[in-house]
Amino acid sequence: MEIQIIAFKNNISEIVLNGLNIQKKYYIDSDEKFIRNFVDNFKFSDGKGLVIGLGEYSGRDKEKLRIETICTNKFRNGVIALDSEGFKISNNIKVGSNSKLAKGIGNSYCNLMSYLFSLKLLSKNIKNEVGFAFIHIPKSFKVEVAIEEIMGLLSNLMTGSKC
């Protein structure tokens with residue numbers, strides 16, 4: 001299974017991605033136009049695979065990585081698309097000791113990227129071969145712990161689960 005990981009530049013998600021032992025890494029700007037263009041031009045793996053988004057989280061809940069389970073069609077004060085309200089994401093990732101499932105992706109760039117990727121997977125009819133997941137990393141989380149946790153989550157995916 002091919003794993004591709006995308007992180008937002010200039011925050012903890014970029015630092016964590018730098019430390020991950022993954023071949024296909026992408027760094028993106030927190031900019032609506034850039035994200036739309038990036039997703040439009042993104043090439044999915046030819047076989048089974050997983051695309052994972054990483055973003056920074058600064059809310060109240062800071063003790064674990066947040067594996068987001070839902071993204072919506074909301075972006076800032078508007079709606080991204082009218083044809084679907086949202087998608088279930090991260091279906092194949094099992095929580096580890098330093099992560100948990102969450103439903104609070106918000107309505108900013110992390111949600112925009114997640115929604116656009118989910119919409120693209122649906123429109124390309126490859127949802128069963130390629131999955132999408134999103135992990136929020138708390139702003140004050142220890143980078144080494146985040147790297148170890150994500151590598152453990154990926155290892156579990158590679159040995160047991162399918163996308």
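Which residues do ring pairs link into a cluster? In this predicted model, where local features need pLDDT of at least 70, side-chain atom pairs count only at pLDDT 80 or more, and totals for chains, interfaces and linings use all residues, the cluster consists of Tyr26, Phe34, Phe38, Phe42, Phe44, Phe117 and Phe132. Residues are numbered from 1 along each chain as its sequence is written, and side-chain values use heavy atoms, with hydrogens and water left out.

The chain holds 4 helices and 10 strands, where helices (H or I, at least four residues) and strands (E, at least two) are DSSP runs numbered from the N terminus. Their order from the N terminus on is β-α-β-α-β-β-β-β-β-β-β-α-β-α. The C-alpha trace spans about 40 × 35 × 25 Å along its principal axes. The radius of gyration, taken over C-alpha atoms, is compared with a globule rule of 2.2 Å times the number of residues to the power 0.38. For 163 residues a compact globule would have a value near 15 Å, and the 14 Å of the chain agrees with this. Of the 163 residues, 48% count as buried; buried means under 20% relative accessible area, exposed over 50%, and partly exposed in between, with a 1.4 Å probe and protein chains only. Among contacts (heavy atoms within 4.5 Å) with a separation of 6 or more, 76% are between residues 24 or more positions apart.

Helix α2 (residues 32–41) has Ile35, Phe38 and Val39 as its buried residues. Seen down the helix axis, these fall within an arc of 95°, so they line one face of α2; the arc is that of the directions from the axis to the C-beta atoms. The buried residues of α2 pack against β1 (2–8), β2 (24–28) and α3 (109–123), while the face turned away from the buried side carries the exposed residues Lys33 and Asp40.

Phe44 lies in the loop between α2 and β3 (49–57) and Phe117 in α3, so the pair ties together parts 73 residues apart in sequence. Phe44 is buried at 14% relative accessibility, and Phe117 is buried at 0%. The rings of Phe87 and Tyr115 form a tilted pair, with centres 5.3 Å apart and planes at 45°.

Helix α3 also contains Ser114, which is buried at 0% relative accessibility. A polar atom of the Ser114 side chain lies 2.9 Å from the backbone oxygen of Cys110. Leaving aside neighbours within four places in sequence, Ser114 is in contact with Cys71, Ile89, Ile105, Phe132 and Phe134.

Methods: Rings of Phe, Tyr and Trp (its six-membered ring) pair if their centres lie within 6.5 Å; planes under 30 degrees apart count as stacked, over 60 as edge-to-face and the rest as tilted. A polar contact is a pair of N or O atoms within 3.5 Å; within protein, one must be able to donate a hydrogen and the other to accept it, and residues adjacent in sequence count only if both atoms are side-chain atoms.
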